[in-house]
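Come along while I page through the pairs.

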Amino acid sequence: MDGKFIVMEGLDGSGKTTQLRLLEEHLSGKGLIVDVTAEPTVSTLGGMIRDALSGYIRRTDCEIAALFAADRVQHNVNPVWGIEKLLSQGRTVLCDRYYYSSMAYQGTLTDWDWVAGMNLNSPQIRKPDLCIFLDVDYERSMARMNSGNRTYLEIYENPEMLIATRKSYYRAFEQLKDRDNIVIIDAARSIEEVAAAVAKAADTLFL
Ligand code: TYD
């Protein structure tokens, strides 16, 4: 039987990385074999995206949107580390960001329907079994980013973009509410409280 595919979404600084690690521990503790993966991926395309996001290489928003979609296809189909491969082995796959990020970030920067269509209609971009959205407002997002030991801000890490992105996450969830399994979690609480809510949402897949 195929394993389950769970996606974690949220603004930068929403605590995704910490919560993914805690969810991995929780699910491993139940005896599941869990893999954690992320987008942009480790592929060549992922490297091109990182160069664009850091501002090292200038690319248009449309180029970035198309690169993310191509990287996501690679993430699904790669014969060694691809999502399809791992799921077919019965493993549980946890993914840091997925097409909801493309809708939220590139959807508003380019054309919403183009980005949504490219991702949702692709035969090689699988629909997750669950999307968990860690919801924080932009103030908390900025504060958490600035308290980290980061030496540069990525092109999207400014208040205007964070406010717009949170709004378009909600637009995506509204559009997908009858199609995808989406759970929104208030992530302005303690790490333990958020972790408990995340675990509860994930547990519904393993009843
Ligand atoms: P990264 O530093 O790798 O991860 P994070 O900030 O989540 O720890 O940066 C990922 C950046 O990529 C983040 O700013 C959101 C952006 N992004 C998109 O704009 N579109 C997408 O489809 C994805 C997957 C990410």
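I began with the ring pairs and got a count of 11 aromatic pairs. My rule pairs rings of Phe, Tyr and Trp (its six-membered ring) if their centres lie within 6.5 Å; planes under 30 degrees apart are stacked, over 60 edge-to-face, and the rest tilted.

I looked up Y100 and F173 next: this pair is tilted, with 6.1 Å centre to centre and 50° between the planes. Y100 belongs to helix α5 (residues 99-109) and F173 to helix α8 (residues 159-176), so the pair ties together parts 73 residues apart in sequence. Helices (H or I, at least four residues) and strands (E, at least two) are DSSP runs, numbered from the N terminus. Y100 is buried at 0% relative accessible area, and F173 is buried at 5%. I call a residue buried under 20% relative accessible area, exposed over 50% and partly exposed in between (1.4 Å probe, protein chains only).

Then I turned to F133 and Y170: their ring centres are 6.0 Å apart and the planes stand at 90°, so I log the pair as edge-to-face. It links distant parts of the chain, F133 in strand β4 (residues 130-135) and Y170 in helix α8, 37 residues apart. F133 is buried at 0%, while Y170 is partly exposed at 33%.

Ring pairs also link a cluster whose members include F5, Y105 and Y156.

A note on my sources: this is a predicted model, where local features need pLDDT of at least 70, side-chain atom pairs count only at pLDDT 80 or more, and totals for chains, interfaces and linings use all residues. Residues are numbered from 1 along each chain as its sequence is written, and side-chain values use heavy atoms, with hydrogens and water left out.
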